[in-house]
Amino acid sequence: MNKAEYKDVYVYAEQREGKIQSVALELLGKARVLADALGEKVVALFPGYKNKEAANELIAWGADKVIVMDAPELENYLTEQYSQAMSQAIDKYKPSIVLLGATTIGRDLGPRLASRLATGLTADCTSLDISEQRELLMTRPAFGGNLMATIMCTDHRPQMSTVRPGVMQKGVKDTNRKGEIEVLDIKFDSSKFKVKLVEKVKENKGKVDITEAKILVSGGRGVGNKEGFAKLQALADVIGAQVSSSRAMVDAGVMPHEVQVGQTGKTVRPALYLACGISGAIQHLAGMEESDFIIAINKDKFAPIFGVADVGIVGDAHKIVPLLTEKLSKLVTKK
Amino acid sequence: MNIVVCVKQVPDTTVVKIDPVKNTLIRDGVPSIMNPDDKGGLELALQLKDKCGATVTVITMGPPQADLVLREAFAMGADRAILLTDRAFAGADTLATSNALAGALKVIPYDLVITGRQAIDGDTAQVGPEMAEHLALPQVSYVVGCEYKGGNNFRVKKETEDGYEILDVEGPAVFTVLASGFDARYMSVGGIVDAFEKEVEIWPASKLDIDPNKLGLKGSPTKVMRAFTKATKAAGQVYEVDAEQAVDVILEKMKEKFII
């Protein structure tokens with residue numbers, strides 16, 4: 001393989017029902033940084049149906065070029081249809097790097113594509129950098145978040161990686177940015193389409209998206225039960241925050257899985273993360289330690305959460321939270 | 001119907017701890033278990049066997065001790081077990097692992113291949129889809145429900161971020177399943193007795209239908225350059241004060257950060 005033939009940083013621009021997913025914009029933000037370090041371009045691969053118009057949005061978020069694949073076969077995500085589109089694009093344009101969101105779609109498409117292209121793929125990266133030799137350094141947690149590993153793919157191209165939503169930061173949207181839009185026609189081999197979508201059902205669990213929250217009031221074992229979480233909710237209501245949870249309270253059935261922060265839940269980076277009664281198991285820390293500011297309240301002064309908190313309060317969340325709610329509501333009404 | 005289930009023996013990562021002084025993983029005394037999603041996959045295979053009759057073959061790649069998860073699979077109700085063990089497999093990343101498993105599948109009969117979505121020691125969710133591609137089989141990942149519709153046909157339920165999808169699949173196919181969809185049965189007493197009488201087939205690399213250059217470290221495009229425990233950021237200030245003062249501290253910090 002002649003590595004020199006491969007260049008530019010490509011992002012899989014994931015859309016669902018025509019809506020570009022937040023993680024795609026986060027990847028464009030990171031791709032911009034990587035491409036600038038390499039002196040190369042950011043290119044978005046954008047498969048979908050009747051999606052040409054939306055390509056401009058990808059340019060506004062940092063793409064220099066968008067390759068639009070517009071076909072009825074691509075209306076809904078199906079592994080084979082999308083793999084054919086993406087592999088034809090990659091074979092044609094020869095990217096050096098391909099980034100995908102670690103969503104249920106990205107984690108289905110990424111390995112299928114990597115295998116088809118006979119290249120490496122690193123899952124769920126939390127940090128991406130360029131080495132002095134201009135190789136991609138992909139860092140990810142392993143052993144349930146107990147260990148970090150930096151992985152490289154030096155002899156194969158493209159270098160591929162998935163990144164979890166909420167981990168990378170978006171760039172600044174600029175609707176005046178100029179970019180190129182290219183339409184790529186895909187030649188589908190429909191004899192390989194063995195999976196048919198019968199029905200797509202949305203459950204109302206998607207209502208709360210803790211990864212989008214500016215402030216999270218998060219509870220753990222120390223909050224204990226539904227009554228405890230009601231106190232957190234009261235505080236959250238006053239400051240326009242959302243309530244999230246540690247795994248322990250989800251496993252106990254107190255809180256639903258979609259508000260779980262951590263290795264097996266969601267990665268969040270709010271402006272403020274207020275951890276109440278959370279001891280801070282390493283799996284939990286993996287999901288929240290990138291928050292801008294962390295305040296932790298815990299009875300145990302040796303709790304590991306204090307190791308990542310900017311402000312630690314040794315005390316009982318059951319007492320402090322209602323008091324804080326009271327004072328804050330006075331402050332808010334004064335304004 | 002012939003169903004093949006690919007399983008992995010993993011350290012129970014929920015009990016892995018960090019040595020606070022040396023800042024390294026403490027691996028001693030960490031029990032090995034059958035990966036939970038794979039166990040869910042075995043459960044699905046056994047449910048299909050109960051309902052419509054099937055021969056369930058379990059395959060794992062690993063060191064000789066991985067024999068134990070295959071014995072567990074026998075005790076749950078599997079009919080045949082194959083252990084892929086060879087120095088040639090060592091150092092395999094997900095692509096090389098998927099090549100080894102695909103190489104084994106090419107020499108045994110199957111109508112359906114099932115594996116877990118991901119293993120708890122790697123969390124990559126890559127081996128199933130990569131293997132499906134080598135075998136040119138359709139795949140459905142994140143499976144939480146599956147119904148056999150006769151012939152080569154299956155109807156599966158796939159979990160997504162905001163709900164689920166119902167998909168019709170023309171087999172043979174690869175399904176990667178979530179443990180949450182299939183409550184694994186316990187080993188039966190008779191099964192446990194059988195488990196140690198049945199033969200686990202030991203297969204070296206030479207038995208597989210695969211180019212040896214695609215196995216192990218040689219066949220791995222990704223390489224781990226460095227492993228490290230996470231640098232914890234400098235701890236902030238910890239206050240041991242009463243509730244009133246604590247609230248004042250929090251309010252002051254929130255103002256400082258323009259949160260209120």
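Modeller: The contact between the chains takes 67 residues from chain A and 65 residues from chain B; two residues are in contact if their C-beta atoms, placed from the backbone, lie within 7 Å. On the side of chain A that touches chain B, several elements give two or more residues, among them α3 (79–93), α4 (106–117), β13 (195–202) and α8 (317–334) of chain A. Helices (H or I, at least four residues) and strands (E, at least two) are DSSP runs, numbered from the N terminus. The most comes from β13(A), with 8 residues. By kind, the residues on this side of chain A divide into 34 nonpolar, 15 polar and 18 charged; Ala, Val, Leu, Ile, Met, Phe, Trp, Tyr, Cys and Pro count as nonpolar, Asp, Glu, Lys and Arg as charged, and the others, Gly among them, as polar.

This is a predicted model: local features need pLDDT of at least 70, side-chain atom pairs count only at pLDDT 80 or more, and totals for chains, interfaces and linings use all residues. Residues are numbered from 1 along each chain as its sequence is written, while chains are lettered from A and ligands numbered from 1 in the order in which they are written.

Biologist: How many bridges join β13(A) to strand β11 of chain B?

Modeller: Two strands pair if DSSP finds at least two bridges between them. Here 7 bridges connect β13(A) with β11 (residues 163–170) of chain B, and the two strands run antiparallel. Within β11(B), Ile166(B) is the bridge partner of Glu199(A).

Biologist: What is the order of the open sheet of 4 strands?

Modeller: Its order is β8(A)-β9(A)-β10(A)-β14(B), and the pairing is antiparallel. The edges are held by β8 (127–130) of chain A and β14 (223–228) of chain B; each has a single partner strand, so one side of each is left without a neighbour in the sheet. From one strand to the next, the twist averages 25°. The link between the chains is made by β10 (residues 147–152) of chain A, joined to β14(B) by 5 antiparallel bridges, and Lys223(B) is the partner of Met152(A) there.

Biologist: In which order do the 6 strands of the other open sheet stand?

Modeller: That order is β15(A)-β14(A)-β16(A)-β17(A)-β18(A)-β15(B), with parallel pairing. At the edges stand β15 (242–245) of chain A and β15 (237–239) of chain B, each with a single partner strand, so one side of each lacks a neighbour in the sheet.

Biologist: Which residues of α6(B) are buried?

Modeller: An α-helix has 3.6 residues a turn, so residues three or four places apart point the same way. In α6(B), the buried residues are Ala246(B), Val247(B), Ile250(B) and Met254(B). They cover an arc of only 100° around the axis, which puts them on the same side of α6(B); the arc is that of the directions from the helix axis to the C-beta atoms. On the other side of α6(B), Glu244(B), Glu252(B), Lys255(B) and Glu256(B) are exposed. A residue is buried if 20 or more other C-beta atoms lie within 10 Å of its own, exposed if 12 or fewer, and partly exposed in between, with C-beta atoms placed from the backbone. After α6(B) comes Phe258(B), whose phi is positive, near 60°.

Biologist: Which residues point one way from β4(A), and which the other way?

Modeller: In a regular strand the side chains alternate between the two faces of the sheet. From β4(A), Val42(A), Ala44(A), Phe46(A) and Gly48(A) point one way and Val43(A), Leu45(A) and Pro47(A) the other. As 7 of the 7 residues of β4 (residues 42–48) of chain A are buried, the strand is largely enclosed by the rest of the structure. Its parallel partners include β1 (residues 9–12) of chain A, joined to β4(A) by 4 bridges, and β5 (residues 65–70) of chain A, paired with β4(A) over 6 bridges. Val43(A) stands opposite Tyr10(A) and has Lys65(A) as its bridge partner in β5(A).

Terms used. Axes are lines fitted to C-alpha atoms, for helices over the stretch in contact, and angles run from 0 to 180 degrees between N-to-C directions.
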